[in-house]
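The exercises below concern one protein chain. Please work through each task with the sequence and the structure at hand before reading its solution.

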Amino acid sequence: PFTFDDQGNMYVNVGAPSNACQEQDRQEGSPGQDPCPILERFGGIWRFDAETPNQTQSEDGHRFATGIRNAVAIQWSPFSKKLYVLQHGRDMLHNWYPETYSDELPAEEFFLVEDGDNFGWPYCIYDQNQSKKVLSPEYGGDGKEQGRCADMKDPIMAFPGHYAPNDLMFYRGEQFPQKYRKG
């Protein structure tokens, strides 16, 4: 997914090829890598010049935000002049830790993204029932402890896990009632 702002920039999601940056990906009981080497090139939003051809991520891209596992929906708001994304959360929590995590965790997060933001993946998950980010179990989390996640940016809205919101748009029309306009 990608989108354009009104200043000549293109924003590109570079999803993570991992669930939780474990030493052995998607293996129950495998600890998380700390620091997570995947974050060097994945798990965030990169900004590029929309008019320049043949750019590369490492040479021309600017890491706009990090800690986003996979932003399946990304949209520039023509009204607020800001970037918004929807992230699909990681998998396997309920399968591996049923005594701690429900099947509706972690949340699918809706972010307002600003330059330099860190949303915490893979170290953190958002628990919509507690309205806070908590440490992922692969990084020592117990479903309650925040640790370093207290310093990560929270979503502006959260959906229960596996609801999988896949797209985003800002309403520009006038057919619907006023409360829907510019939303």
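## Exercise 1. A charged surface patch

Aspartate 49 belongs to strand S3, which spans residues 44-49; strands (E, at least two residues) and helices (H or I, at least four) are DSSP runs numbered from the N terminus. The model is a predicted one, in which local features need pLDDT of at least 70 and side-chain atom pairs count only at pLDDT 80 or more, while totals for chains, interfaces and linings use all residues. Residues are numbered from 1 along each chain as its sequence is written, and side-chain values use heavy atoms, with hydrogens and water left out.

**Task.** Determine whether aspartate 49 is buried, partly exposed or exposed, and identify the residues that form the negative surface patch.

**Solution.** 
1. Buried means under 20% relative accessible area, exposed over 50%, and partly exposed in between (1.4 Å probe, protein chains only).
2. Aspartate 49 has a relative accessible area of 34%, so it is partly exposed.
3. A patch is made of residues with over 30% relative accessible area and no salt bridge, like charges being joined within 9 Å and nonpolar side chains (Val, Leu, Ile, Met, Phe, Trp, Tyr) within 5 Å.
4. The negative patch consists of Asp49, Glu51, Glu59 and Asp60.

## Exercise 2. Salt bridges between separate parts of the chain

**Task.** How many salt bridges does a search of the whole structure find, and which residues are linked in a network of them?

**Solution.** 
1. A salt bridge is a side-chain nitrogen of Lys or Arg within 4 Å of a carboxyl oxygen of Asp or Glu. The search of the whole structure finds nine.
2. One of them joins aspartate 91 and arginine 69, with the closest N and O atoms 4.0 Å apart. Aspartate 91 lies in the loop between strand S6 (83-87) and helix H2 (93-96), and arginine 69 in the loop between S4 and strand S5 (71-76), so the pair ties together parts that are 22 residues apart in sequence. Aspartate 91 is partly exposed at 24%, whereas arginine 69 is buried at 10%.
3. Lysine 82 pairs with glutamate 114, the closest N and O atoms being 3.0 Å apart. Lysine 82 is in the loop between S5 and S6 and glutamate 114 in the loop between strand S7 (108-113) and strand S8 (117-118); the pair therefore ties together parts 32 residues apart in sequence.
4. Lysine 153 pairs with aspartate 117, with a closest N to O separation of 2.8 Å. Because lysine 153 lies in the loop between strand S10 (132-135) and strand S11 (157-159) and aspartate 117 in strand S8, this pair ties together parts 36 residues apart in sequence.
5. Lysine 153 is partly exposed at 23%, and aspartate 117 is buried at 14%.
6. The network of salt bridges links Lys82, Glu114, Asp117 and Lys153.

Technical notes
Accessible areas come from the Shrake-Rupley method with a 1.4 Å probe; for residues, only the protein chains shown count as cover. Lys and Arg count as positive and Asp and Glu as negative; His and the chain ends are not counted. The place of a charge is taken as NZ of Lys, CZ of Arg, CG of Asp or CD of Glu.
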